[in-house]
Amino acid sequence: MKTRAMVLEGFNLPLTMREFEIPRLQEGEILIRVEAAGVCGSDVHMWRGEDPRTPLPIILGHEGVGRVLEVKGEKLTIEGDLLKSGDLILWNRGVSCHRCFHCAVLNDPALCKNRKVYGINRSSNVPPYVNGCYSQEMVLTADTDIFRIDAQVDPAILVSASCSGATVAHAFDLHRPEFGDTVLIQGPGPLGVYAVAFARNMGAREVIVIGGSENRLKTCREFGATLTLNRRELSIEERRQAIMDKTRGRGVDFAIEAVGDPAAVHEGIKLVRSGGAYVSIGFSQPPGDCQIDFFQEVVSKNLKIQGVWVSGTRHTWQAMKLVLENPELFARMITHRFSLEQANDALNSMAHRDALKAVLIP
């Protein structure tokens, strides 16, 4: 059986449609038809050669929902259901080894140094070759954690649960806001939108979002943001004053950086109250140094700083459940849909921020 996929063969070059022979399945492997593939901001960074994890050639796409075509032997979902042909599934994009120190001792598979990720660090030269979601069909290996989708739902709304949603779930797993807190979110992209949804779901009283796109800020308000500040219309000082007015001069209780820009850290860390927390989820590739006055902004404030790297199966499950509880709301995130052949257009739409979330429908 053959399939087609869009392949990145050189950085900053257009993806090329290639044909692949699908290898014979090994025990526990699953052949799926890709129903929807998310085009992530991280894909843009990989396309540009900014992510050191990216091998060439590669089929991009780490966010996917698929329909099972064939299972070799028996394969169970994480909830113990036997997979069968025709099932709609979501999967954890990362596959950890479960044997290393981080997996076995720290119980933190996101930090596994042997972690394999579909569409990020698995070349199309490596069996089973169709290792990314920008493809008509792909093979999921036997060690992949699978979630069966029993609801009647548009597959496109679920793709981001395995990346943006899972990363945000991981952030709130590491540090949860208290009920009634005021939460600041820097960045109204998919990460920021999920952060709004999770913050409100966990009982945040006020959710403030800073961003530069009025359309994206509007979406954040639809998801529950109580105050949005457009950085293109308000200066840093005006934004600071608006937040201090809202918090009686104390600053926010909890802030999430979802931008990946050192300038955002410089601004955001100053907006958190003494004893508060600053959580960073936006850096998916190295942006250069970020210098802060550690005594003034961290030590003297008893500030908690938490970095968040990717996610685990638990977090994908949490994000999936949040989406399935609010399908009509999360459908608003999908602003652009493309065919597989239009993958280059989809990447450009994300690169130029025309799309909040672009999805390929192979």
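1. The model is predicted: local features need pLDDT of at least 70, side-chain atom pairs count only at pLDDT 80 or more, and totals for chains, interfaces and linings use all residues. Residues are numbered from 1 along each chain as its sequence is written, and side-chain values use heavy atoms, without hydrogens and water.

2. An open sheet is formed by six strands in the order 12-11-10-13-14-15, with parallel pairing. Strands are DSSP runs of E with at least two residues, helices are runs of H or I with at least four, and both are numbered from the N terminus. Two strands pair if DSSP finds at least two bridges between them. At the edges are strand 12 (227–230) and strand 15 (304–307), each pairing on one side only.

3. Strand 10 (residues 182–186) and strand 13 (residues 252–257) run parallel and are joined by four bridges. Ile256 in strand 13 is the bridge partner of Ile185.

4. Asn344 lies in helix 11 (residues 343–351). Asn344 is buried, with a relative accessible area of 18%; buried means under 20%, exposed over 50%, and partly exposed in between (1.4 Å probe, protein chains only). Apart from neighbours within four places in sequence, Asn344 contacts Met6, Pro14 and Leu15, where contact means heavy atoms within 4.5 Å.

5. Other buried residues of helix 11 include Ala346, Leu347 and Met350. The buried residues of this helix pack against strand 1 (2–7), strand 3 (30–39), helix 1 (41–47), strand 16 (336–338) and strand 17 (358–360). Arg353, which follows helix 11, has a positive phi near 60 degrees.
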